[in-house]
Amino acid sequence: MSEVKYSKEHEWIKLEGDIATIGITKHATEMLGDIVFTELPEKGSNVEKDGTAGVVESTKAASDVYTPVSGEVVDLNQSIVDDPSKINQDPENSAWFFKLKIKDKSEMDTLMNKDEYDKFAKESSA
Amino acid sequence: MDTKKTSLYQLHQDSKAKFVEFAGYQMPIQYSEGIVEEHRFTRNHSGIFDVSHMGQLFIYGREDLVDDLERIFPLDLKNLKLNHSKYSFLMSDNAGIYDDLIITKIKDGFLIILNAACKENDFKILKALLNDKYKMVLDVERSLIAIQGPKSVQILKSVIEGVENLNFMSGNWFTLDDHNIYVTRSGYTGEDGFEVSLTNEFADRFTRRLIDKGAKLIGLGARDTLRLEAGLCLYGHELSKDKTPVEANLKWAISKDRILKGNFIGSDIITKQLNNGVNKIRVGIKPEGRIIAREKTKIYNESDLEIGEITSGTFGPSVNGPVAMGYVENKFSKKNTKIFLEVRGKKHPATICSLPFYKKSYVKGVI
């Protein structure tokens with residue numbers, strides 16, 4: 001079974017082998033409101049843990065998307081660029097953002113599991 | 001200072017509003033369905049907006065008041081009919097805009113609707129300009145509810161009979177459950193609609209009645225996307241003390257007759273600018289693709305020279321794309337001029353376009 005972890009910046013990350021799929025959490029989409037614009041990192045580029053790796057904009061404001069682990073961008077989800085509202089509809093599944101070939105699996109250990117994240121999200125929005 | 005609450009605060013809470021502080025008031029930015037859905041509902045059905053934070057200034061007086069107000073506003077108030085409204089500005093001596101407003105001729109004087117953030121200052125300025133000659137009331141006992149969108153006439157008519165006979169930019173008094181209500185056919189969304197001035201104690205009950213008839217509460221977030229698609233200015237963004245009505249491309253709101261005669265505050269500058277042109281002017285801007293250029297985004301021409309700045313920019317749900325307004329040097333203000341917008345360090349192509357981005361016709365009658 002693949003492992004899903006969560007960051008304090010409200011990204012989720014699913015690791016399968018050395019390929020990590022990254023997106024933003026449902027909680028993040030609820031805070032952002034209707035997402036109307038998405039920018040993704042370039043395919044083939046290298047991103048560093050906690051660095052910016054994209055932008056989402058709602059009708060109200062722009063927010064950076066961070067990568068919770070380091071790696072090389074190997075795939076992008078063009079469908080959320082073409083129709084950003086998909087992110088609000090299915091954030092933790094079909095509306096993933098990008099896939100990374102990760103450098104250091106131990107970076108996963110610094111992230112939260114589902115229970116820890118749910119608690120964190122609840123506290124941070126209280 | 002504590003933030004103020006409107007009479008609909010409880011209703012907003014019951015309707016699961018997310019609140020923001022705006023001009024010292026706790027105001028709903030959106031409800032549970034979100035800005036895009038609220039925007040679309042207003043365009044297709046009927047949205048209710050709590051605009052009670054705006055100032056309702058009543059000034060009482062007769063002919064001499066008309067004369068005195070004509071020295072302040074660039075309007076032909078002598079020929080403004082009873083219950084008819086005009087869009088105008090309160091200006092400084094150099095024609096900088098202190099506020100934009102709607103002025104309506106009522107039986108004993110005038111009703112002026114002012115922006116929330118400006119109303120106290122406007123009151124002081126007007127009181128001084130009018131030398132304390134007239135009774136002036138910035139009414140805090142009344143709420144202001146806007147109902148906007150194509151179904152609004154049916155909905156409001158079912159609650160207050162007779163409103164369907166009002167034409168755009170005119171109003172009248174109505175009575176409902178012994179409450180005196182002043183209704184004008186106006187709004188700030190680009191849709192047909194009404195603004196309803198009524199006592200605070202009746203506001204909640206009245207609004208719940210509109211909701212029962214199928215209208216929905218809409219927050220400030222969608223109000224902003226709606227007015228931007230309609231090409232309408234927002235004070236503090238397109239309009240400020242540093243901008244004149246000519247620069248803001250609002251010369252249509254200045255009475256032609258008054259320009260010839262002058263003699264209103266700021267008239268020298270206005271006349272000069274109308275004759276000689278202005279350096280910068282407000283335009284509509286359509287970014288290519290989906291990139292959103294927000295307020296303060298820098299604008300460049302094709303030779304990479306900075307020519308202006310965005311004043312409002314968002315995603316327009318009905319346009320289904322990004323929309324913006326801003327000021328550019330006059331020589332680059334022609335429709336279809338290619339420009340570039342600097343967003344997050346990159347320059348993105350856009351074009352100057354005519355306003356509004358989204359057009360519907362208002363209900364006009366024979367004047």
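Predicted model: local features only at pLDDT ≥ 70, side-chain atom pairs only at ≥ 80, totals over all residues.
Entry: Which residues meet here? On the H2(B) side I listed Ile35(B), Glu38(B), His39(B) and Thr42(B), and on the H7(B) side Gly221(B), Ala222(B), Thr225(B) and Leu226(B). Sorted by class, the residues of this contact are three nonpolar, four polar and one charged.

**Entry: the contact between the chains.** I next asked how many residues of chain B are in contact with chain A. I found 13 residues of chain B in contact with nine residues of chain A. The elements that give two or more residues to the chain B side are helix H2 (35–44), H7 and S16 of chain B, and so the two helices of my previous entry come up again here. By class, this side of chain B has five nonpolar, five polar and three charged residues.

**Entry: the barrel.** I followed S16(B) into its sheet, where six strands of chain B close into a barrel in the order S14-S17-S16-S15-S18-S19, with antiparallel pairing. Neighbouring strands of this sheet are turned by 45° against each other on average, direction ignored. Helix H7 (residues 220–229) of chain B packs on the sheet and touches S16 and S17 of chain B, its direction making about 125° with that of S16(B).

I then went through some of the strand pairs:

- Strand S16 (residues 306–316) of chain B is joined to strand S17 (residues 321–329) of chain B by eight bridges, in the antiparallel sense, and Ile310(B) stands opposite Gly326(B) in S17(B).
- Strand S14 (residues 280–287) of chain B runs antiparallel to S17(B) and is joined to S17(B) by six bridges; the bridge partner of Ile281(B) in S17(B) is Val328(B).
- S14(B) also pairs with strand S19 (residues 346–353) of chain B, again antiparallel and over four bridges, with Lys286(B) opposite Thr351(B) in S19(B).

**Entry: the open sheet.** In chain B I also found five strands that form an open sheet in the order S5-S6-S7-S4-S8, with antiparallel pairing. Which strands stand at the edges? Strand S5 (85–91) and strand S8 (135–138) of chain B do, as each pairs on one side only. Neighbouring strands of this sheet are turned by 25° against each other on average, direction ignored. S5(B) pairs with strand S6 (residues 97–106) of chain B over seven antiparallel bridges, and there Tyr87(B) stands opposite Ile102(B) in S6(B). I saw helix H4 (residues 119–129) of chain B lying across S4, S5, S6, S7 and S8 of chain B, running at about 175° to S8(B).

**Entry: two backbone details.** The peptide bond from Leu355(B) to Pro356(B) is cis, with omega near 0°, and I placed Pro356(B) in the segment after S19 of chain B. Asn83(B) has phi near 70°, a positive value in a residue other than glycine, and Asn83(B) lies in the loop between helix H3 (63–70) and S5 of chain B.

**Entry: each chain as a whole.** Chain B has nine helices and 19 strands, and its C-alpha atoms fill a box of roughly 65 × 50 × 45 Å along the principal axes. A compact globule of 367 residues would have a radius of gyration near 21 Å, and chain B, with 21 Å, therefore agrees. Chain A has four helices and nine strands, which follow the pattern β-β-β-α-β-β-β-β-β-α-α-β-α along the sequence. The C-alpha atoms of chain A fill a box of roughly 35 × 35 × 25 Å along the principal axes. For its 126 residues a compact globule would have a radius of gyration near 14 Å, and I noted that the 13 Å of chain A agrees.

Methods: Residues numbered from 1 in each chain as written. Chains lettered and ligands numbered in written order. Pairing = 2+ DSSP bridges. Axes fitted to C-alpha atoms, helices over the stretch in contact; angles between N-to-C directions. Contact = placed C-beta atoms within 7 Å. Nonpolar A, V, L, I, M, F, W, Y, C, P; charged D, E, K, R; others polar. Rg over C-alpha atoms; globule rule 2.2 N^0.38 Å.
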